[in-house]
Amino acid sequence: MTEYISDKTYDEERALYNLVDAEVNNCTFAGPKDGESVLKEARNIKVINSNFSLRYPLWHVKEFSLMNSSMDELTRAPIWYSENGVIDNCNITGIKCVRECENITVTNCDIKSPEFGWKCDGLHINNSSIESEYFLFDSKNVEISNLNMKGKYSFQYMKNLHIKDSNLDTKDAFWHSKNVVVENSIVKGEYLGWFSNGLTLINCKIIGTQPLCYCKDLKLINCTMEDTDLSFEYSNVEADIKGHIISIKNPKSGTIKVDSIDDIIFEDAVMECNGKVIVNNERRCNV
């Protein structure tokens, strides 16, 4: 039997602790008592049209949905150690949102949360806008589509990530990541993809200086590159690039095909570099 809770305000510690089989509608979690962990250890709950302004509200929660709700800057670390949840049509500005969670779906949300999505397994993010300085650090098995993302150090140490139809404005993205596929997306930022293993970019526009260095098993399929100088240094790469590149430097191995380029640099290498560059069907290699 479902318990219905509506039109209430809670501010005490663990206000609805261990709530089970319940729907919470049009409630406010804020007030002078400044209580933490208002819905900790809840099970099978639905939270709708509610506003949060207290720390740690949804910790250790299983089988939940959070819909048409908001979490402000005072809602620190709002969703940790939780499983099997849906976050839909929410506005979240609390720091460190979603950490060490499993099987969480985020849809139609507007989120500004430094350190969003750390150490999670099984995230699905769709049709959302997210701003996060450190985005999805050390998470795995993540699916993303139609995301507008702004950050700095994004997708680092991730495993098994698939992104499509997205706009990524970031820096130092995909460092040390493994098994990542990005499709039909714009990827903007400095030092993209360094030390990655198994990064594949398909039909993408890549923007920014010194991308894709020290990579293993790197693939670019039908991509374009803009403002990209000193690309592919010490990388194992197979690339088919449409349009122009400023420069390529010391690719370790593989073949890079490009329509036009200002400079191909083979000098001052600290390792053996045998990568080949083909420009307009003219083969270029180290000399």
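Colleague: Which residue in β16 is the bridge partner of Glu131?

Modeller: Lys150 in β16 is the bridge partner of Glu131. This is a predicted model, where local features need pLDDT of at least 70, side-chain atom pairs count only at pLDDT 80 or more, and totals for chains, interfaces and linings use all residues. Residues are numbered from 1 along each chain as its sequence is written, and side-chain values use heavy atoms, with hydrogens and water left out.

Colleague: What makes β15 and β16 a pair?

Modeller: Nine bridges join strand β15 (residues 121-132) to strand β16 (residues 140-153), in the parallel sense. Pairing takes at least two DSSP bridges between two strands, and a strand is a DSSP run of E, at least two residues long. So nine bridges qualify.

Colleague: How many bridges join β16 to β17, and how many join β16 to β18?

Modeller: Five join β16 to β17, running parallel. There, Ile144 stands opposite Ile163 in β17. Four join β16 to β18 (residues 167-171), also parallel. Asp169 in β18 is the bridge partner of Lys150.

Colleague: Why is the contact of Arg55 and Asp34 called a salt bridge?

Modeller: Their side chains meet at 3.0 Å, N to O. The rule asks for a side-chain nitrogen of Lys or Arg within 4 Å of a carboxyl oxygen of Asp or Glu. So 3.0 Å passes. The pair links distant parts of the chain, 21 residues apart: Arg55 sits in the loop between β6 and β7, Asp34 in the loop between β4 and β5. Asp34, Glu36 and Arg55 are linked in a network of salt bridges.

Colleague: How far apart are the closest N and O atoms of Lys219 and Asp217?

Modeller: They are 2.6 Å apart, and the two residues form a salt bridge. For Lys242 and Asp240, the N to O value is 3.5 Å, again a salt bridge. The count comes to 10 salt bridges.
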